[in-house]
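Here's a quick walk through a protein model for someone meeting it for the first time. Have a look at it, and then we'll start with a pocket.

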Amino acid sequence: MLLRIRDLREDNDLKQKDIADYLICDQSLYSKYERGERPLPLEFAEKLADYYGVSVDYLLGRTNIKNPYPKKQGG
C-alpha cells in the first residue's frame, strides 16, 4: 500500500517526532508506519487526513485528489 504520510510530513517540514507526538505514539512506531512495516490504524489515518487537510483516500494512495470529503452534519 502506498501511504503518502512521509511525503506529506516532509512537504510540511515536520519531523517524525512531531507527528508521533500529535498521534500520541512513539517515534519508532510512527517510523514503521511510514516504512510500511506496520499497518496504519484507521484512527491515525483519520487524524492525519484531518491534520494535513486531505482525504483518507489520498493519504492511502487510493486517489490523487487531495481534497477531503465534506464532513457529515449531525449524528
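The lining of the largest pocket splits into seven nonpolar, one polar and four charged residues (Ala, Val, Leu, Ile, Met, Phe, Trp, Tyr, Cys and Pro count as nonpolar, Asp, Glu, Lys and Arg as charged, and the others, Gly among them, as polar). Keep in mind that this is a predicted model, where local features need pLDDT of at least 70 and side-chain atom pairs pLDDT 80 or more, while totals for chains, interfaces and linings use all residues. Residues are numbered from 1 along each chain as its sequence is written, and side-chain values use heavy atoms, leaving out hydrogens and water.

Who gives the most to that lining? Helix 4 does, with four residues, among them Leu42 and Glu46. Helices here are DSSP runs (H or I, at least four residues), numbered from the N terminus.

Now over to helix 2 (residues 16-23) and helix 3 (residues 27-35), which pack at about 105 degrees with axes 9 Å apart; the axes are lines fitted to C-alpha atoms over the stretch in contact, and angles run from 0 to 180 degrees between N-to-C directions. The two helices are therefore roughly perpendicular, a label for angles of 65 to 115 degrees. By class, their contact has four nonpolar, three polar and two charged residues.

Helix 2 also has Lys17 and Asp21, four residues apart and so separated by about one helical turn. Their side chains meet in a salt bridge at 2.9 Å, N to O (a side-chain nitrogen of Lys or Arg within 4 Å of a carboxyl oxygen of Asp or Glu). The structure holds six salt bridges.

Methods:
Angles under 35 degrees count as roughly parallel, over 145 as roughly antiparallel, 65 to 115 as roughly perpendicular and the rest as oblique. On a 1 Å grid over the protein atoms alone, a cavity is a set of points where a 1.4 Å probe fits but cannot get out, and a pocket is an open set with protein on both sides within 12 Å along at least five of seven lines; lining residues have an atom within 4 Å of a point.
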